[in-house]
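This briefing goes through one protein model part by part. Look at the sequence and the structure first, then read the points below with both in view.

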Amino acid sequence: AVPLVVAISTAVSAKKGLLIRNRTAFENSRKITTIIFDKTGTLTKGDFGVTRVKSISDSLSDDELLAIAASVEGNSEHPIASGIIKASREKELELDEPSNFENITGKGIQADLNGKKIEIVSPGYLKEKNFDIPENAFKNDSETVVFILSDGDLLGYLALADGIREESYDAVKTLKDRGINIVMATGDNEKVAKAVSNELGLDNYYAEVLPEDKQKIIQDLQEKGEFVAMTGDGVNDAPALAQANVGIAVGSGTDVAAETADIVLVNSNPKDIANLILFGTATYNKMM
Ligand code: ADP
Ligand code: MG
């Protein structure tokens with residue numbers, strides 16, 4: 001039978017948008033020594049605005065570049081895509097319909113548009129393909145920068161900015177006070193990762209992380225004796241959520257992530273995770 005305090009606590013949690021799928025996970029929440037948060041949409045708002053558009057091609061205006069990007073991003077669920085589409089609407093740009101859309105896991109997207117293969121990708125992808133990064137692309141540490149390629153030629157880049165969630169400061173403080181090690185893992189570039197990590201006072205961060213690397217990061221920490229919680233939102237996060245001692249699926253995360261996770265956090269709010277740990281500890285202390 002489920003002890004009454006646990007049953008009540010679980011019901012109260014559900015009301016707050018915290019679904020505990022597995023009671024052991026709730027019990028285990030008080031043993032957590034390291035939490036790995038993802039960045040976009042969890043520690044930050046996940047609400048990107050376009051800050052700069054730069055065509056490096058003589059035959060293409062900045063607006064034309066933005067229109068190409070927005071046309072292809074129409075098929076993506078990433079918060080970056082919403083930011084780019086919003087910017088194209090504000091300028092009332094006309095968009096075209098792409099075909100053969102695909103995600104390039106952890107690195108960007110691609111599709112065919114007007115007979116050209118368009119790729120919108122991370123700086124890491126560009127370096128892998130041995131492109132020179134255009135001057136001034138990384139002017140500001142807090143900007144996420146994506147690059148646009150057409151049939152393998154670099155057309156230019158877009159810079160976007162996202163804000164830190166108000167609640168993240170409090171959550172980090174609460175968790176730190178409990179001696180928990182706070183780590184961020186993001187697919188975003190090194191500069192942004194460092195800026196967010198410094199601003200929030202995190203213990204460590206991993207940048208330009210591919211979804212398949214997350215599981216390994218957790219494993220390494222576990223081998224050092226850490227009891228690891230991790231948040232994730234995507235299909236590709238399922239192996240890492242399963243590897244974690246406490247896997248937390250956040251937000252509008254995919255069904256796959258939610259099914260693998262021990263806990264589902266509807267609002268992606270890091271404060272809820274801090275509360276979960278306090279709550280889990282209090283609940284089990286009451287029973288002992
Ligand atoms: P995170 O969730 O930490 O932002 P992702 O793995 O979702 O990491 O994305 C990693 C990187 O891949 C992004 O920072 C961006 O450079 C690139 N990327 C992913 N999706 C898109 C997209 N729809 N448009 C442009 N770039 C993208
Ligand atoms: Mg993501």
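The protein contains 12 helices and 13 strands. Its radius of gyration is 20 Å, close to the 19 Å that the globule rule gives for 288 residues, so the protein is as compact as a globular protein of that length. The model is a predicted one. Along the principal axes, the C-alpha atoms fill a box of roughly 70 × 30 × 30 Å.

**Domains**

- The protein is divided into two parts: domain 1 covers 4-45 + 164-287, and domain 2 covers 49-161.
- The centres of domain 1 and domain 2, taken over C-alpha atoms, are separated by 30 Å.
- Where the domains meet, 12 residues of domain 1 are in contact with 12 residues of domain 2.
- On the side of domain 1 that touches domain 2, α3 and α8 (190-200) each supply at least two residues.
- Helix α8 gives the largest share of that side, with 3 residues.
- Sorted by class, the side of domain 1 that touches domain 2 has 4 nonpolar, 5 polar and 3 charged residues.

**The sheet of 7 strands**

- Strands of a sheet pair through backbone hydrogen bonds, either parallel or antiparallel.
- One open sheet is formed by 7 strands in the order β1-β13-β12-β11-β2-β9-β10, and its pairing is mixed.
- At the edges of this sheet are β1 (18-20) and β10 (204-206), each of which pairs on one side only.
- On average, neighbouring strands of this sheet are turned by 20° against each other, with direction ignored.
- Strand β2 (residues 34-38) and strand β9 (residues 181-185) run parallel and are joined by 5 bridges.
- Within this pair, Ile 35 has Ile 182 of β9 as its bridge partner.
- Helix α9 (residues 211-223) lies across β2, β9, β10 and β11 (228-232), and it runs at about 165° to β11.

**The sheet of 6 strands**

- Another open sheet is formed by 6 strands in the order β3-β8-β7-β6-β5-β4, with antiparallel pairing.
- The edge positions belong to β3 (49-55) and β4 (99-104); each has a single partner strand, so one side of each is left without a neighbour in the sheet.
- Neighbouring strands of this sheet are turned by 20° against each other on average, again with direction ignored.
- Helix α4 (residues 62-73) packs on the sheet and touches β3, β5, β6, β7 (143-150) and β8 (153-161).
- The direction of helix α4 makes about 120° with that of β3.

- Strands β4 and β5 run antiparallel and are joined by 4 bridges.
- In this pair, Asn 103 stands opposite Ile 109 in β5.
- The two strands β4 and β5 form a hairpin with 3 residues between them, and Gly 106 in the turn has a positive phi of about 70°.
- Strand β5 (residues 108-113) also pairs with strand β6 (residues 116-121), in the antiparallel sense and over 6 bridges.
- Ile 109 has Ile 120 as its bridge partner in β6, while Gln 110 stands opposite Glu 119 in β6.
- The hairpin of β5 and β6 has 2 residues between the strands, and Asn 114 there takes a positive phi near 45°.

**The ligand**

- Which residues are closest to ligand 1? They are Ser 76, His 78, Ser 122, Thr 186 and Gly 187, and 19 residues surround the ligand altogether.
- The elements that give two or more residues to the shell around ligand 1 are α3 (39-43), α5 (79-90), β5 and β7.
- By class, this shell has 5 nonpolar, 9 polar and 5 charged residues.

Technical notes: Residues numbered from 1 in each chain as written. Chains lettered and ligands numbered in written order. Predicted model: local features only at pLDDT ≥ 70, side-chain atom pairs only at ≥ 80, totals over all residues. Pairing = 2+ DSSP bridges. Axes fitted to C-alpha atoms, helices over the stretch in contact; angles between N-to-C directions. Contact = placed C-beta atoms within 7 Å. Near = placed C-beta within 6 Å. Nonpolar A, V, L, I, M, F, W, Y, C, P; charged D, E, K, R; others polar. Rg over C-alpha atoms; globule rule 2.2 N^0.38 Å. Domains from an automatic or database assignment.
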